[in-house]
Amino acid sequence: MKIGSAYSEETDLKYGLAQGSVLGPILFKIYIRSLYKHVATTGFRIEGFADDHQLIKQFLVQLQTRALGKDIARCLDHIAVWMNEYFLRLNPSKTKILVVAPPNIQLDINIRGIFLNSNCIRFVQSARNLGVLLDDELSFISHINNLVKASFSVIKKTSQVKGYLTEQQLKQIVSSDVFMRLDYCNSLFYGLQNELIQRM
C-alpha cells in the first residue's frame with residue numbers, strides 16, 4: 001500500500017485475500033460457484049453479490065406449510081453441508097426470512113419461524129439487501145422513511161457548521177451525502193404512490 005511517497009512492508013499472503021481487495025468479490029464468486037448447483041436441487045433460486053446471497057422461492061399460500069416449513073429447512077440443511085465442505089459457516093443470527101405478498105395474502109400466512117438446528121429463525125417484516133430496505137409488501141415505506149430521516153440528519157449537521165464552509169463546500173456535502181442517498185437504486189421507486197415520492 002502507498003500513502004504519499006511511503007510504502008507499507010510487503011508480506012506473503014498464503015491463504016485468503018486482503019479485505020477490501022478489488023479481486024475479492026470475483027474470486028469469492030469463483031470459490032462458491034458450486035453452491036448454485038447445490039441449491040438448485042432444493043427448488044430454490046439463489047441470487048447474490050460477493051458474500052451477500054438470497055434464496056428465492058415462489059409458492060401458493062395453500063402450500064405454505066411445505067414451502068415455509070420443510071422446503072426452507074431442507075434447503076438450509078443442504079447449504080450447511082456445502083458450507084462445511086468449503087470451510088464456511090451459516091450464521092443463523094444473520095439469516096432472515098422475508099415473505100413478500102400483498103396485504104390480503106399476508107393475513108393467510110400462519111407460519112412465522114423455522115428451526116435451524118437449535119436456533120429459531122423468525123420471519124421478518126423487512127430486510128436490508130445491498131443497502132435497500134425491502135418490506136414484506138414491497139411498499140418501500142420503511143426504506144423511504146429511513147432515507148428521509150438520514151437525509152434530514154445530514155442537513156441538520158451540515159447547518160450546524162455551515163458558517164465554517166464555503167457555498168461550494170456546502171453544495172459538495174449535499175450532493176455527495178443527500179442526493180447520493182436519494183439517487184441510489186432510484187429505479188425501484190418507479191410506480192410508487194405520489195405521497196411517498198413527495199416525501200423524498
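Student: Phenylalanine 87, is that residue buried or exposed?
Tutor: Phenylalanine 87 is exposed, because its relative accessible area is 74%, where exposed means over 50%, buried means under 20% and partly exposed lies in between, using a 1.4 Å probe and protein chains only. This is a predicted model, in which local features need pLDDT of at least 70 and side-chain atom pairs count only at pLDDT 80 or more, while totals for chains, interfaces and linings use all residues. Residues are numbered from 1 along each chain as its sequence is written, and side-chain values use heavy atoms, with hydrogens and water left out.

Student: Where is phenylalanine 87 found, and what is its phi near?
Tutor: Phenylalanine 87 is found in the loop between α3 and α4 (103-106), where helices (H or I, at least four residues) and strands (E, at least two) are DSSP runs numbered from the N terminus. Its phi is near 60 degrees, a positive value in a residue other than glycine. Most residues other than glycine have a negative phi.

Student: And cysteine 185, what is its phi near?
Tutor: Phi of cysteine 185 is near 55 degrees, again a positive value in a residue other than glycine. Cysteine 185 is found in the loop between α6 (167-183) and α7 (194-199), and it counts as partly exposed because its relative accessibility is 32%.

Student: New topic: which residues touch the most other members of the largest nonpolar core?
Tutor: Leu76 and Ile79 do, in a core of 22 residues, and a nonpolar core is a set of buried Ala, Val, Leu, Ile, Met, Phe, Trp, Tyr and Cys residues joined through side-chain atoms within 4.5 Å. At least two residues of this core come from each of α2 (33-40), α3 (64-85) and β5 (113-116), and α3 gives the most, with seven residues.

Student: What does isoleucine 79 touch, not counting residues up to four places away?
Tutor: Isoleucine 79 touches Leu35, Val39, Leu55 and Leu90 on that count, with contact taken as heavy atoms within 4.5 Å. There is also a second, separate core of eight residues, including Val132 and Phe140.

Student: How many residues line the largest pocket?
Tutor: The largest pocket is lined by 44 residues, and His53, Gln54, Leu55, Thr95 and Lys96 lie nearest its centre. On a 1 Å grid over the protein atoms alone, a pocket is an open set of points with protein on both sides within 12 Å along at least five of seven lines, whereas a cavity is a set of points where a 1.4 Å probe fits but cannot get out, and lining residues have an atom within 4 Å of a point. The largest pocket holds about 1600 Å³ of space, and α3 gives the most to its lining, with eight residues.

Student: What classes of residue are in that lining?
Tutor: The lining of the largest pocket has 31 nonpolar, six polar and seven charged residues. Here Ala, Val, Leu, Ile, Met, Phe, Trp, Tyr, Cys and Pro count as nonpolar, Asp, Glu, Lys and Arg as charged, and the others, Gly among them, as polar.

Student: How many cavities of 30 Å³ or more does a search find?
Tutor: A search of the whole structure finds one, and its lining is made by Val99, Gln106, Arg112, Phe123, Val124 and Asp136. A volume is the space filled by probe spheres set on the grid points, which are joined across faces, edges and corners.
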